[in-house]
Amino acid sequence: MGGRGRSRTQRKHFRQGRENVWKRTKSDDSAAAATDDANGKTNQGWEPFATQNPGFDEYYKEQEIVSPEEWDSFIEYLRKPLPAAFRINSSCQFYLDILLQLENDFMKSIQAEDADGFEVDPIKPLPWYPDNLAWQSNFSRNQLRKSQTLERFHEFLKLENEIGNITRQEAVSMVPPLFLDVRPDHFVLDMCAAPGSKTFQLLEMIYNLTEPGTLPSGMIIANDLDVQRCNLLIHQTKRMCTANLIVTNHEAQHFPSCQLHRHHSENSQIGIRQLEFDRVLCDVPCSGDGTLRKAPDIWRKWNAGNGNGLHCLQVQIAMRGLALLKVGGRMVYSTCSMNPVENEAVVAEILRRCGGTVELVDVSTELPQLARRPGVKKWKVRDKGQWLASCNDVPKYRRTVITPGMFPSGKLFEETSEHDIEASNGKTNENGDANSENGVQLMDESLAPPQNLEAEVSTLPLERCMRIVPHDQNSGAFFIAVLHKIAPLPAPAATEKKPTSLPEKIDSNTTQPIKELDEVKEDNSNVDDIDLSGEGDVQISEANPDADLLTGVGEEEEVPLDNDENSINEENVKKETKPSADVKKTASGKRKLQIQGRWRGVDPVIFYKDESVVGKIIDFYGIKESFPFKGHLITRNNDMNHVKRIYYVSNSVKEALELNFLAGQNLKIASVGMKMFERQTSKEGTSAPCLFRISSEGLPLILPHITKQIIYASAVDFKHLLKYKSIKFSDFVNQEFADKAMKLMLGCCVVILNRENGGSSDSLQEDTKPIAIGCWRGRTNVSVMVTALDCQELLERVSTLVSAEAKPEVSEIELDNTINEAPANS
Ligand SMILES: C[S@@+](CC[C@H](N)C(=O)[O-])C[C@H]1O[C@@H](n2cnc3c(N)ncnc32)[C@H](O)[C@@H]1O
């Protein structure tokens with residue numbers, strides 16, 4: 001599901017001891033505030049939320065999504081807070097260490113806590129997730145406050161999540177990518193991707209078993225309609241440091257085609273002629289009642305009209321996904337809603353439209369430990385307080401909103417129907433849901449539905465769909481369907497029925513109409529990884545902390561024109577049909593609108609081919625010829641004299657970009673590639689032979705391919721660098737290291753931990769997973785160019801790894817006296 005604003009994120013202010021409260025927004029019921037005042041209470045905008053809604057109960061009891069005997073248990077679970085879950089990033093350098101830490105340290109110490117009478121649920125791997133990579137914990141903020149072990153675990157989660165070694169994500173939200181069966185050579189489209197938890201998971205799959213210094217041959221295009229949520233997506237996926245990702249900003253139902261024109265086709269060197277995908281993830285915007293446990297305000301807002309209002313959009317997005325899927329490819333359709341109208345009805349409709357070219361896959365033998373239930377085959381539609389069993393029950397005036405495809409049979413409207421009364425009583429609101437008040441349907445007696453309406457039963461194999469319900473494994477609810485394209489889709493006329501409602505105008509979250517694209521407001525409502533800390537919501541910080549580590553090297557120094565950051569300038573995003581003039585500086589020095597082909601307000605994507613700069617970089621770092629370098633570099637700035645960052649793209653992304661250029665720049669690209677180099681603009685930086693330093697993101701990839709500016713540090717010097725950030729040559733413990741550092745050229749260098757004590761062998765040969773950091777060789781010292789968080793994490797890892805061998809030759813106290821705490825400006 002999607003939406004806007006932070007209104008849906010539960011603020012967990014555990015330090016203030018608030019639980020199960022909801023931060024009211026300005027637009028919320030002012031009457032409640034008035035009541036508080038009248039009662040003399042101080043209202044700080046927090047109130048307990050109701051965890052019930054009679055309309056919800058009535059709807060789902062009638063739909064029989066669980067049996068009557070299970071109802072109480074189902075509702076009980078829906079009212080409980082959701083356990084927290086997280087996944088280890090199997091492509092990160094330390095993933096095995098993290099796994100061991102969880103199994104040997106945290107699991108045991110939390111168990112011991114329980115034995116001490118704290119009554120803490122054990123942390124445990126999710127049994128259905130392969131290789132113990134996903135875990136679940138379940139403790140309250142109260143418990144967290146009281147236990148040092150839990151607090152330590154919590155700090156660990158926060159740090160590793162920030163760095164990208166783990167991803168906090170609701171357990172059930174991890175399921176759809178698992179059924180997508182992604183391989184490293186796949187081209188994957190994630191159609192509605194923000195905030196990006198599943199994109200991150202897909203990237204982990206693409207990178208599975210990739211050797212250090214190499215890239216998988218596949219790639220992912222992650223798309224989202226909402227500009228601000230796209231920025232969340234960029235922030236989230238940045239933690240993966242990937243060169244195999246393109247983030248785009250389109251309406252998924254109109255995701256553009258990219259195809260070589262015939263005249264290009266004949267001469268083109270590009271390996272791909274058309275952008276089509278081996279895998280498509282269609283995790284569509286939905287009403288989201290499967291997330292009630294983490295977003296309890298949905299109780300208050302729930303009504304049947306929400307699902308009805310999204311059905312057509314969901315069908316359109318899924319149909320576009322299938323059109324872009326290769327024959328033989330797999331698409332997963334998923335929602336975090338329990339509503340059959342958004343689930344089985346959508347699957348049934350697309351199967352009908354595809355007429356045998358797409359099949360619903362039976363995946364009952366995959367992930368056997370995941371408890372799930374078959375999709376339902378019969379359901380009814382509720383509209384304006386009435387139950388409708390078939391489309392012929394739909395009054396004529398509602399037929400633009402309630403479509404035949406919402407019903408199990410999918411039979412079209414007959415010419416007349418018994419309910420074809422101009423039932424003009426009851427005004428319809430924008431949701432197409434009249435007489436709805438606080439989610440409770442108010443029924444007009446005259447409109448009371450005929451009793452015991454028999455629901456239609458679908459003849460399609462909808463039992464192959466999967467429903468995950470909260471009380472089966474203490475989780476959220478989810479719906480997943482796996483589709484296989486066996487032949488090209490029938491001609492568009494047959495598949496693309498004219499939408500009968502207004503899907504494009506409907507906000508994914510509230511089902512309110514949305515205005516213009518550039519007016520869409522942020523919504524974290526669907527942020528899968530809700531902060532379990534209470535430290536606040538997901539925040540984007542595009543600032544580059546690396547740069548600040550060298551005195552005088554900061555973003556502020558850059559000219560305003562040079563804003564080649566990989567993100568969208570949301571204020572300016574507008575569709576443009578004609579290419580316009582280049583970017584120019586205004587009199588105030590601020591840059592004007594950037595233009596990416598036909599897209600205004602989006603930074604251009606430009607292959608960086610400045611021979612002299614590229615040549616200097618190759619020479620300075622001694623980049624091996626075998627490394628695919630030239631032609632893989634991208635900038636986001638038209639002005640080649642002010643390029644601040646150079647991004648690296650994989651071969652697959654490079655080809656997709658080339659195709660996009662030839663096809664007329666149909667893709668609106670928000671972010672692409674991995675930041676590989678950054679220009680140094682400090683006084684000292686500009687006097688170095690190479691202006692571009694290697695960024696932390698790009699280092700692991702390029703490291704095996706560079707031959708210069710590398711030095712090996714003993715564990716003790718390596719740790720000191722991480723701890724003190726900047727060390728004078730004379731203060732290194734190992735003088736041989738200091739001598740070698742002095743012999744390096746002024747500028748960026750790479751310091752590698754020599755895991756064999758003594759630090760004599762200067763070779764990467766034996767160490768297939770070197771631990772390395774980007775540094776700056778200054779005039780008198782070496783300074784670390786890694787974020788404070790990365791330093792902290794790496795210091796902990798290195799300390800554990802080399803604890804046996806790294807007995808400091810001088811005490812920390814001695815060093816504190818000799819080493820400048822503050823990064824020295826050499
Ligand atoms: C269910 S959420 C996606 C969650 C995401 N897959 C994840 O795992 O983090 C749905 C997303 O669809 C986006 N959205 C809504 N309407 C859309 C449309 N027409 N095209 C593309 N994205 C859309 C919303 O902005 C929202 O981010």
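Leu 367 is partly exposed, because 17 other C-beta atoms lie within 10 Å of its own. A residue is called buried if 20 or more other C-beta atoms lie within 10 Å of its own, exposed if 12 or fewer do, and partly exposed in between, with the C-beta atoms placed from the backbone. Leu 367 lies in the loop between strand S12 (358-360) and strand S13 (373-374). Helices (H or I, at least four residues) and strands (E, at least two) are DSSP runs, numbered from the N terminus. Leu 367 also has a positive phi of about 45°, although it is not a glycine. Most residues other than glycine have a negative phi, and most peptide bonds are trans.

The structure is a predicted model, in which local features need pLDDT of at least 70 and side-chain atom pairs count only at pLDDT 80 or more, while totals for chains, interfaces and linings use all residues. Residues are numbered from 1 along each chain as its sequence is written.

The protein chain as a whole comes next. Its secondary structure comes to 24 helices and 33 strands. Of its 826 residues, 49% are buried. Two residues are in contact if their C-beta atoms, placed from the backbone, lie within 7 Å. Among the contacts in the protein chain with a separation of 6 or more, 78% are between residues 24 or more positions apart.

The UniProt annotation "binding site", from an unreviewed entry, covers Cys 192, Ala 193, Ala 194, Pro 195, Gly 196, Ser 197, Lys 198, Asp 224 and Asp 283. These residues are spread over 92 residues of sequence, yet they cluster in space, with a largest C-alpha distance of 12.9 Å. UniProt positions are given in the numbering used here, feature names are shortened, and annotations may be inferred rather than shown by experiment.

Several of these positions can be examined individually. Pro 195 is placed in the loop between strand S7 (187-190) and H8, and the peptide bond from Ala 194 to Pro 195 is cis, with omega near 5°. Ser 197 lies in helix H8 (residues 197-206) and counts as buried because it has 25 C-beta neighbours inside 10 Å. Asp 224 is in the loop between strand S8 (219-223) and helix H9 (227-238). Asp 224 is buried, with 30 other C-beta atoms within 10 Å. Leaving aside residues up to four places away in sequence, Asp 224 touches Cys 192, Ala 193, Ala 194, Arg 229, Cys 230, Leu 233 and Asn 249.

For "active site", the unreviewed UniProt entry lists Cys 336. Cys 336 is found in the loop between strand S11 (325-335) and helix H13 (344-354), and it counts as buried because 28 C-beta neighbours lie inside 10 Å. Helix H13 is itself mostly covered, as 10 of its 11 residues are buried. Just after H13, Gly 355 takes a positive phi of about 50°. One residue of H13, Val 347, is among the buried ones, and Ala 481 touches Val 347 together with Tyr 333, Leu 360 and Cys 465, not counting residues up to four places away in sequence. Ala 481 lies in strand S19 (residues 478-485) and is counted as buried, with 28 C-beta neighbours inside 10 Å.

Two packed helices are described by the angle between their axes and the distance between the axes. Axes are lines fitted to C-alpha atoms, for helices over the stretch in contact, and angles run from 0 to 180 degrees between N-to-C directions. Helix H21 (residues 715-724) and H23 pack at an angle of about 155°, with their axes 9 Å apart. H21 and H23 are therefore roughly antiparallel to each other. Angles under 35 degrees count as roughly parallel, over 145 as roughly antiparallel, 65 to 115 as roughly perpendicular and the rest as oblique. The axes of helix H6 (residues 148-163) and helix H23 (residues 788-801) come within 10 Å and cross at roughly 120°, and H6 and H23 are therefore oblique to each other. In this contact, Leu 159, Glu 162 and Ile 163 of H6 meet Leu 789, Asp 790, Gln 792 and Glu 793 of H23.

Beyond H21, Lys 725 lies in the loop between H21 and strand S30 (726-728). Phi of Lys 725 is near 70°, a positive value in a residue other than glycine. Lys 725 is buried, with 23 other C-beta atoms within 10 Å.
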